[in-house]
Amino acid sequence: MTLQQTWNLETIFPGGSSSPQLASFLETLEKDMQALQQDVRSLSVPDSIEGTKELEAFLEQFQSCYARVREASAFVSCLTAQNVNDKKAVQLSGRVTSLSATLQSVKSRFDNVLRGMNDELWTAWTGTGAASKLDFILNESRNLAKEKMSPELESLALALAVDGYHGWGEFYDTIVSKIQIPYEENGETKLLSAGQAFNKMHDPNRGVRQSMFEKWEAAWGAAADYCADTLNHLSGFRLKLYENRGWDDVLKEPLAIGRMSRETLDTMWAVIQDTKPVLVEYLNRKAKLLGLEGLSWTDVDAPIRTSAAKISYDDAAANIVEQFRKFSPKLADFSQMAFDKGWIEVEDRPGKRPGGFCTSFPASEQTRIFMTFGGTASNVSTLAHELGHAYHQFLMRGIPVLNQRYAMNVAETASTFAEMIVFDAMVKGASSEEEKLALLEEKIQNSVAFFMNIHARFLFETRFYEKRKSGLLSAEEISDLMVEAQKEAYCDALTSYHPHFWASKLHFYITGTPFYNFPYTFGYMFSTGLYVRALQEGPAFAEKYDALLRDTGVMTVEDLAKKHLDVDLTQRDFWQSAADLCVSDIRQFLQLTDHLA
């Protein structure tokens with residue numbers, strides 16, 4: 001049977017951006033949100049268990065609105081991804097953003113009511129009845145509320161952020177849309193979008209890569225003043241908000257969102273830093289194999305070998321399900337269902353946005369996966385990655401919607417784990433040494449990206465924020481910080497760097513999640529550590545794995561690891577086991593290429 005290559009959104013809201021059902025859904029939701037706003041204003045701090053009944057009724061309504069806002073947001077993100085020219089979808093996106101801001105404002109007021117409860121009543125309330133099912137979330141919200149401004153000021157900040165903070169984030173999208181880069185092909189010059197030009201920088205032909213990189217740097221250099229304004233004002237808003245909350249550490253919020261301690265983060269980076277000499281060996285070997293004195297920025301991701309074999313979508317799907325089944329029949333059955341029900345959009349056609357994602361619909365308990373499948377090994381890997389995300393959400397069915405809110409760092413766990421299952425099988429099943437080398441190199445590139453590229457982003461962003469406290473930075477100063485961070489993260493192993501990386505990288509301008517960098521590396525390392533356990537424990541680990549994923553919304557990462565793995569994430573052992581697996585791939589690569597260097 002040939003699998004469908006376009007997703008089915010009709011089962012959620014028929015008619016796309018013109019859907020009458022969606023229009024009706026949003027109208028009802030907006031009315032319910034208005035009622036929720038009135039309800040939260042009338043709530044008072046209870047002084048008895050009897051008085052908490054009102055809070056429980058409110059919580060039920062809040063969860064209903066929260067699930068539906070996420071449902072609408074997921075649907076609109078699917079619409080804008082499948083057709084970048086869908087103007088109605090863009091308008092809907094603005095409407096949903098406004099609903100999200102309202103929901104945050106309501107939550108801020110509710111959290112302040114929680115903050116006002118005395119400790120004795122609080123313990124009694126969260127220890128019994130409906131509230132006990134949400135005790136982790138309620139405690140987290142209450143504790144954070146104690147460290148914020150008054151609810152009136154928090155609501156004002158959230159309202160101003162729509163056209164201020166988030167407005168700057170949207171302005172960055174406008175800057176990107178205006179980037180056009182000339183490219184000569186077959187005697188004619190074409191103007192490429194940022195997405196198209198970026199792909200050219202990964203061309204197997206070094207001349208094409210280098211030429212495009214120079215044009216890329218020039219184009220972003222021309223836009224750098226606009227990007228600097230945007231980044232300065234985004235960070236300025238964030239820093240002013242932190243200052244008024246009495247927060248002096250710029251990592252306080254991202255660490256709280258990730259439910260992890262600074263000690264865990266520092267330990268992870270320390271293990272990675274100690275592993276880098278082996279990665280430098282790999283980079284130096286790669287330079288020799290490419291006939292170069294050293295790697296430039298655009299050579300880091302360049303393939304030494306390319307696996308020429310094109311893989312059909314149907315074969316990729318069958319292979320993924322087969323490999324998943326060796327680890328967990330439940331994961332395999334879920335993935336087969338996603339393929340069969342048309343939950344996945346992979347068609348290679350114009351008008352789609354680049355990249356891939358998985359989004360969840362909590363109200364209808366479905367997920368959707370978006371990517372463009374071109375038949376490469378990397379595409380197969382991406383497909384497995386997104387199915388891992390979808391499976392994680394699938395395991396959350398039946399859990400209260402507020403307990404499904406797992407952070408980005410653990411969100412990357414199931415996806416990377418699923419990717420490893422499939423990619424490892426591809427490496428082991430390679431039909432030739434040539435193919436094995438190509439696949440192994442692609443696997444190692446993940447370690448380079450998470451250990452070096454993401455580390456450079458982390459170093460840059462933390463330093464940029466510290467300097468921004470003293471005033472605005474010029475585009476030149478920001479570029480200097482970027483190069484300094486890249487040199488440090490790559491152990492000065494490259495011959496050239498990317499000064500305007502800060503301008504071209506969307507992640508620095510995302511307003512929903514601050515410091516959109518270290519959670520990626522955490523997810524990669526945490527899932528690698530889990531994979532080591534899976535190899536050690538065999539099929540029995542699958543059940544333990546599912547239980548861990550189900551708990552990701554109601555625990556700190558330290559408690560999660562202690563409960564399900566009996567490890568301490570503030571110590572080096574677990575992280576070292578993950579790093580050792582990455583090192584073993586590099587050792588294998590170095591051995592295979594010894595005679596070629």
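This is a guided tour of selected residues in a predicted model.

Residues are numbered from 1 along each chain as its sequence is written, and side-chain values use heavy atoms, with hydrogens and water left out. Because the model is predicted, local features need pLDDT of at least 70 and side-chain atom pairs count only at pLDDT 80 or more, while totals for chains, interfaces and linings use all residues.

**Stop one: salt bridges**

The structure holds 31 salt bridges, a salt bridge being a side-chain nitrogen of Lys or Arg within 4 Å of a carboxyl oxygen of Asp or Glu. Please select E140 and R259, whose closest N and O atoms are 2.7 Å apart in a salt bridge. E140 lies in helix α6 (residues 135-145) and R259 in the loop between α12 (252-257) and α13 (262-289), so this pair ties together parts that are 119 residues apart in sequence. Helices (H or I, at least four residues) and strands (E, at least two) are DSSP runs, numbered from the N terminus.

Is R259 buried or exposed? R259 is buried, with a relative accessible area of 9%, and E140 is partly exposed at 25%. Here buried means under 20% relative accessible area, exposed means over 50%, and partly exposed lies in between (1.4 Å probe, protein chains only).

Next, select D299 and R209, which form a salt bridge with their closest N and O atoms 2.7 Å apart. D299 lies in the loop between α13 and α14 (313-327) and R209 in helix α10 (residues 206-222), so the pair ties together parts that are 90 residues apart in sequence. Both D299 and R209 are buried.

Then move to D566 and K562, whose side chains meet in a salt bridge (3.1 Å, N to O). D566 is exposed, with a relative accessible area of 56%, whereas K562 is partly exposed at 47%. To end this stop, select E345, E347, R349 and K352, which are linked in a network of salt bridges.

**Stop two: a negative surface patch**

Select D225, D229, E476, E477 and D480, which form a negative surface patch. Patches are made of residues with over 30% relative accessible area and no salt bridge; like charges are joined within 9 Å, and nonpolar side chains (Val, Leu, Ile, Met, Phe, Trp, Tyr) within 5 Å. The place of a charge is taken as NZ of Lys, CZ of Arg, CG of Asp or CD of Glu. Accessible areas come from the Shrake-Rupley method with a 1.4 Å probe, and for residues only the protein chains shown count as cover.

Which helix gives the most to the negative patch? That helix is α19, with 3 residues. Both α11 (224-245) and α19 (475-489) supply at least two residues of the patch. D229 is found in helix α11 and is partly exposed, with a relative accessible area of 41%.

**Stop three: buried residues**

Select L251, in the loop between α11 and α12. L251 is buried, with a relative accessible area of 2%. Not counting residues up to four places away in sequence, L251 touches R262, L265, F458, T462, F515 and F518, where contact means heavy atoms within 4.5 Å.

Proceed to H507, in the loop between α20 (501-504) and α21 (518-537). H507 is buried, with a relative accessible area of 16%. Leaving aside neighbours within four places in sequence, H507 is in contact with R457, Y516 and Y520.

Now select E386 in helix α16 (residues 377-394). E386 is buried yet has no salt bridge, and the nearest side chain of opposite charge, R353, is 8.6 Å away. Lys and Arg count as positive and Asp and Glu as negative; His and the chain ends are not counted. Not counting residues up to four places away in sequence, E386 touches G356, F357, C358 and I369.

**Stop four: positive phi angles**

Most residues other than glycine have a negative phi. Select N186, which has a positive phi of about 50° although N186 is not a glycine. N186 is in the loop between β1 (181-185) and β2 (188-192), and at 79% relative accessibility N186 counts as exposed.

Finally, select E365 in the loop between β4 (357-361) and β5 (366-370). E365 has a positive phi of about 50° and is not a glycine. E365 is partly exposed, with a relative accessible area of 46%.
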